[in-house]
Amino acid sequence: MSLKKKGYLLTIVSKNNINTVKDVFKINKFRFLKLSDFILIKANWRPKSENLKEIAKELNVGEDSIVFIDDSKHERYEVLKNANKIRVFPFVEKKFVNIVEQFPEFQKSVNLAEDKKKTKMYLDQFKRTKAKSKTKNFNEYLKLLDQKIKLKKNSISTLDRSAQMETKINQFNMTLARYSYNEVNKFVKDKNKTSYLFKVEDKFGDNGYVCSVLVERIKNECYLRSFLMSCRVIERDVEYNVLNFILKDQFKKYKVEKIIAKVKKGERNIDFILFYEKFGFIKQNYDTYIFKKDTIIKKFNKIKIIL
């Protein structure tokens, strides 16, 4: 239960039928856990590696983000053989806590509001997916969502969340750079730098703070040092609205003449490396893009940004 409060998602993969799994919780075999604490339950007779891959897909996380603990040597071997990115450990009841403690990421020094609400956020995401399947097209889906974006700019109060995102997001991460708490703090306090943090809310709930952007101004040029976003809001035109806002803010308030962005290609962010180019940035070389005031931008669905 403590892992759930830290923001880790709990799932069940069991070679049983669903009613058998439910009965285990009805007789209160697990005193500190309820069935509702688990975000996904895969109870069937398929190989567990298949179910785990399906879970990764449904949660939109990498297989290397999953830890599988099982008391069956046969099941552990099957997962190791067929889903080798997943970390596999035996379940020994008296040693379970020791197993968990082997993972430094499970021992967070700071637990944020986002962490405590993560299970609910993913349950809300399932509702969005269901609603999307019933809409006729992308524009109708966005209209249904009724999204709002809220901005924290150079905010000390959300510094922990900014730093957390800067050290963990891999998929929508343009530079793959990592910035520590102290480094993000410099962007907040330095007059030649700016830290932006964006929260997204919609009809189905609060997505939390999901987009972090760090910029640095050198003379009359603005450099996008980091642009990253949670997979929870990818492909909802949030990224285009955020980028459009930042460009306007930098051109108007800070009087820069051009925006320069670099992209570093990695295994996890390969689907998004053309983001700047799709928006309207001009490619200068293999990893550098430039945007000037008169550049024509991509058409996108506008979302209200609340300052």
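Me: Which element gives the most residues to the lining of the second largest pocket?

Reply: Helix α7 does, with 6 residues. A word on provenance: this is a predicted model, in which local features need pLDDT of at least 70, side-chain atom pairs count only at pLDDT 80 or more, and totals for chains, interfaces and linings use all residues. Residues are numbered from 1 along each chain as its sequence is written, and side-chain values use heavy atoms, with hydrogens and water left out.

Me: How is a pocket defined, and what volume does the second largest pocket have?

Reply: Rolling a probe the size of a water molecule over the atoms shows where empty space is left. On a 1 Å grid over the protein atoms alone, a cavity is a set of points where a 1.4 Å probe fits but cannot get out, while a pocket is an open set with protein on both sides within 12 Å along at least five of seven lines. Grid points are joined across faces, edges and corners, and the volume is the space filled by probe spheres set on the points. Here the second largest pocket comes to about 510 Å³.

Me: Which residues of its lining lie nearest the centre of the second largest pocket?

Reply: Lining residues have an atom within 4 Å of a point. The second largest pocket has 19 of them, with N60, Q125, T129, C231 and I234 nearest its centre. Two elements give two or more residues to that lining: α3 (48–59) and α7 (118–132). Helices are DSSP runs of H or I with at least four residues, strands are runs of E with at least two, and both are numbered from the N terminus.

Me: How does the lining of the second largest pocket divide by class?

Reply: Ala, Val, Leu, Ile, Met, Phe, Trp, Tyr, Cys and Pro count as nonpolar; Asp, Glu, Lys and Arg as charged; the others, Gly among them, as polar. The lining has 7 nonpolar, 4 polar and 8 charged residues.

Me: Is T129 buried, partly exposed or exposed?

Reply: Buried means under 20% relative accessible area, exposed over 50%, partly exposed in between (1.4 Å probe, protein chains only). T129 has 49% relative accessibility, so it counts as partly exposed. T129 lies in helix α7. From T129 to Y141 is 12 residues in sequence and 9.8 Å in space, C-alpha to C-alpha.

Me: What does K118 contact?

Reply: Contact means heavy atoms within 4.5 Å. K118 also belongs to helix α7. Neighbours within four places in sequence aside, K118 is in contact with G7, L9 and K168. K118 counts as buried because its relative accessibility is 14%.

Me: Which strand holds D70, and what does D70 touch?

Reply: D70 is in strand β3 (residues 67–70). D70 is buried, with 7% relative accessible area.

Me: How many helices and strands does the chain have?

Reply: The chain has 12 helices and 13 strands. Its radius of gyration, taken over C-alpha atoms, is 22 Å. Of the 307 residues, 49% count as buried.

Notes:
Rg over C-alpha atoms; globule rule 2.2 N^0.38 Å.
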